[in-house]
Amino acid sequence: MEYEIETNDLTRKFGNFTAVDKLTLHVAKGELFGFLGPNGAGKTTTIRMLTTLLSPTSGSASVGGFDLLKEPSAVRSIIGVVPQQFALFDELTPLENLRYIGELYGMSDDEIAEHSRTLLEVAELWDKRDVQAGGFSGGMKQRLSVAAGLLHEPKILFMDEPTTGLDPHSRIALRELTRRLNKENGITVVYTTHDMDEADKLCDRIAIMNNAKLIEVGTPAELKKKIQKKGGKEPSLEDVFIALTSK
Ligand SMILES: Nc1ncnc2c1ncn2[C@@H]1O[C@H](COP(=O)(O)OP(=O)(O)O)[C@@H](O)[C@H]1O
Ligand SMILES: [Mg+2]
């Protein structure tokens, strides 16, 4: 089995407070892997460590075969990030935002133009390529963030609660886009959400986090097998979460 991401006792403290506590897990190449947990569980802190934005207090990890601590720039070159908050320029159009990012990555003008067109078409924003992003809906901004995260053709895409705050239609569109990128383009996706139903529908495997700790990892079906429901009814992931966190 070839692992795209491996963490060993990955830990982050803020003063005396532990935000991520000895996280050990493996993500396979091509997986759509979810971190599921309530607000404050440690999902964003985990993503920030794996994307080199925050240094671990202890433990180690490798991302795309590179050591997170020893080869952070190699890690950065093969990952894309869709942050929890919109991090692009409202005053710029989609094409201008993507050009700015492409230049940061040292891409050629031709490469930037070609990738921008493909990605804006996939993100259904090509029609809006010359419109300032400030006036976009939440869903459009998130799709632009996804395009921005993919511009340099990363092997791994990290998405932090990308559907939070979106209306139902935009949520579905973004999930579809994520699924397509994963299944058709073979991009390994790490996706955080607090929405159990979303994790259930979207992810190949899920790591359940609560209070900085990894509670359980498995496919949605495996996680549901962990608990027995009265009357033999199939449990929801919410039932699983409640059962596993109230032990
Ligand atoms: N920079 C920071 N300084 C202090 N505490 C932080 C910082 N970042 C996150 N935390 C705390 O760590 C915990 C986990 O936060 P976070 O990783 O953002 O959780 P999640 O993304 O699952 O909602 C929270 O209690 C949060 O308040
Ligand atoms: Mg978060």
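Apart from neighbours within four places in sequence, Lys 141 is in contact (heavy atoms within 4.5 Å) with Phe 86, Asp 90, Ala 133, Gly 134 and Phe 136. The model is predicted, with local features requiring pLDDT of at least 70 and side-chain atom pairs pLDDT 80 or more, while totals for chains, interfaces and linings use all residues. Residues are numbered from 1 along each chain as its sequence is written, chains are lettered from A and ligands numbered from 1 in the order in which they are written, and side-chain values use heavy atoms, without hydrogens and water.

Lys 141 belongs to helix α5 (residues 138–150); helices (H or I, at least four residues) and strands (E, at least two) are DSSP runs numbered from the N terminus. With a relative accessible area of 18%, Lys 141 is buried, where buried means under 20%, exposed over 50% and partly exposed in between (1.4 Å probe, protein chains only).

An open sheet is formed by four strands in the order β2-β1-β4-β5, with antiparallel pairing; strands pair if DSSP finds at least two bridges between them. β2 (17–28) and β5 (66–67) are at the edges, each with a single partner strand, so one side of each has no neighbour in the sheet. Eight bridges join β1 (residues 3–14) to β2 in the antiparallel sense, and Tyr 3 is opposite Ala 28 in β2.

Thr 44 is in helix α1 and Gln 84 in the loop between β6 (79–82) and α3 (94–104), so the pair ties together parts 40 residues apart in sequence.
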